[in-house]
Amino acid sequence: MNASKLANYTNVKARQLWTTLYLCAKENPKRRFHALYDKVYRPDILAEAWRRVRANKGSGGIDGQTIERIVQEYGESKFLNEIYLDLKGKQYHPSPVRRTYIPKADGKQRPLGIPTIRDRVVQMATKMVIEPIFEADFKDCSYGFRPKRNAHQAITQIKKTSRTASWVVDVDIKGYFDNINQEKLMKLVEKRISDRRILKLIRNWLRAGVMEDVQFHETEWGTPQGGVISPLLANIYLDYMDTIWEKQFTHLGKLIRYADDFVIMCRSKQDALESIQVIKAVLNKLDLTLSKEKSRLVNIWDNTTGFDFLGLHHRKFPILLKGGKKMYVMSHIPSKKAMKEMRRKIKEYTKPRNKLYWSLDELIQGLNRKLQGFKNYYSLSPIGAKWLCRIDWYVLTRLVLFNNKKRNKQARHARMREIAKATRGILVKLAVRDNRMPRKEEHRKAV
């Protein structure tokens with residue numbers, strides 16, 4: 001059996017297991033699953049888990065082992081066979097995660113915990129086995145890190161709910177991943193899983209600790225960002241909030257959550273204020289607190305104020321009706337942080353002096369991949385597309401600067417018209433330059 005047929009076979013077997021577990025969990029919401037561990041080290045599940053980890057790429061953990069080294073030197077079959085034997089013989093023990101930091105848009109740094117490749121494969125295999133069980137329980141208001149769900153669906157729900165909502169509670173949880181109560185999290189996991197071996201795996205990952213430089217730190221709270229299974233555990237923890245809201249407080253407003261970021265869209269200010277008190281009480285039970293600096297109460301009746309969510313700024317903009325009248329309709333434009341981040345990524349890509357050896361076409365080909373990603377995510381409406389015109393202009397100025405540096409031109413922004421003409425048809429256009437106010441029909445088509 002060649003590699004492609006083997007991959008298709010493992011995909012089919014993994015999907016069958018996923019579907020079976022999901023249907024069993026959906027049929028009986030109170031059922032606890034007790035025979036799952038042997039499915040984690042099934043060869044087809046491990047093969048599919050490795051395929052996903054390899055596709056996600058990423059750096060290695062504290063052992064220094066990388067995906068490239070496993071593929072080219074160590075051997076994939078040998079690597080998976082060792083994991084299989086360790087799990088089957090109950091000899092598997094996770095390693096501490098490697099601490100690293102990534103810059104945030106506000107200048108701060110976000111801590112990440114990078115597990116070893118071996119731990120990532122086992123976490124992926126475990127996630128494939130237990131995810132369908134919890135997926136059967138997750139509520140429709142949750143959109144983050146779930147199969148067949150994405151940020152655009154959450155934005156669509158904001159658009160739909162904005163027709164009747166005038167107030168928005170924009171909530172940010174303070175240090176969510178670092179402040180998850182591990183004991184309460186395990187109790188929520190145990191509501192669906194009674195297999196002690198699976199529970200021991202999860203508990204060991206939570207308590208594996210962190211290696212920062214050569215210093216070891218214990219982890220009695222939280223789940224490390226960067227682990228394969230961490231997003232699922234984070235959703236399990238906040239599903240408690242989703243469940244309470246759906247059972248008792250839907251009359252106050254619509255909850256829309258993406259991982260640890262969520263908004264509540266309410267009809268009146270009174271409902272919004274009451275929602276804040278409810279959320280505070282629920283989060284207090286989970287040992288979590290709201291960030292006073294980032295959480296806001298916003299009136300979205302007209303275009304005077306809006307709120308940021310999922311990298312977009314959401315606000316009601318005026319559109320023209322017949323007779324010169326206006327109506328306000330929710331639209332979505334890139335947030336200031338998102339615009340700044342786009343410029344940063346473009347500058348980082350075009351700035352290195354070693355790229356001066358590249359041709360202009362080569363630089364554009366690599367740049368287009370980034371621009372296409374921006375376009376796919378942020379171009380949700382004609383109004384939002386107009387903001388991307390500024391990125392168009394920034395890209396052009398960076399290309400002109402690159403070209404003049406390459407040719408040792410004194411004037412940094414000379415020959416702009418020439419470069420603009422040369423890149424026409426090659427460079428991805430983020431937006432169509434159009435300064436007129438969109439009409440109602442155009443707005444509907446875009447949404």
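**Entry 1**

Is A259 buried or exposed? I checked, keeping in mind that this is a predicted model. A259 has a relative accessible area of 8%, and the cut-off for buried is under 20%, so A259 counts as buried. I found A259 in the loop that runs between β6 (254-258) and β7 (261-266).

D287 sits in the loop between α11 and β8 (296-299). With a relative accessible area of 32%, D287 is partly exposed.

**Entry 2: the open sheet**

In what order do the 4 strands of the open sheet come? I read the order as β6-β7-β3-β8, with antiparallel pairing. β6 and β8 each have a single partner strand and stand at the edges, so one side of each lacks a neighbour in the sheet. Direction ignored, neighbouring strands here are turned against each other by 20° on average.

I took a closer look at one pair. Strand β3 (residues 167-172) pairs with β8 in the antiparallel sense, over 4 bridges. To find my place in that pair I used W167, whose bridge partner in β8 is N299.

α10 packs on it and touches β6 and β7, with a direction that makes about 175° with that of β6. α11 lies across β3, β7 and β8, and runs at about 145° to β7.

**Entry 3: α10 against α11**

I wanted to know how these two helices meet. Two packed helices are described by the angle between their axes and the distance between the axes. For helix α10 (residues 230-248) and helix α11 (residues 269-285), I noted an angle of about 140° and axes 10 Å apart. That angle makes α10 oblique to α11. The crossing of α10 past α11 is right-handed.

Which residues make the contact? From α10 I listed L238, Y240, M241, I244 and W245. From α11 I listed S275, V278, I279, V282, L283 and K285. Sorted by class, this contact of α10 with α11 has 9 nonpolar residues, 1 polar and 1 charged.

**Entry 4: α4 against α5**

Helix α4 (residues 67-74) and helix α5 (residues 76-88) pack with their axes 7 Å apart, at an angle of about 110°. α4 and α5 are therefore roughly perpendicular to each other. I70, V71 and Y74 of α4 meet E76, K78, F79 and E82 of α5 in this contact. By class, I noted 4 nonpolar residues, no polar ones and 3 charged ones where α4 touches α5.

**Entry 5: the whole chain**

I noted 16 helices and 11 strands in the protein chain. Of its 447 residues, 48% are buried. I also checked contacts between residues at least 6 apart in sequence: 71% of these join residues at least 24 apart.

Notes: Residues are numbered from 1 along each chain as its sequence is written. This is a predicted model: local features need pLDDT of at least 70, side-chain atom pairs count only at pLDDT 80 or more; totals for chains, interfaces and linings use all residues. Side-chain values use heavy atoms; hydrogens and water are left out. Axes are lines fitted to C-alpha atoms, for helices over the stretch in contact, and angles run from 0 to 180 degrees between N-to-C directions. Helices (H or I, at least four residues) and strands (E, at least two) are DSSP runs, numbered from the N terminus. Angles under 35 degrees count as roughly parallel, over 145 as roughly antiparallel, 65 to 115 as roughly perpendicular and the rest as oblique. A crossing is left-handed if the near helix is turned anticlockwise from the far one by less than a right angle, and right-handed if clockwise. Contact means heavy atoms within 4.5 Å. Ala, Val, Leu, Ile, Met, Phe, Trp, Tyr, Cys and Pro count as nonpolar, Asp, Glu, Lys and Arg as charged, and the others, Gly among them, as polar. Buried means under 20% relative accessible area, exposed over 50%, partly exposed in between (1.4 Å probe, protein chains only). Two strands pair if DSSP finds at least two bridges between them.
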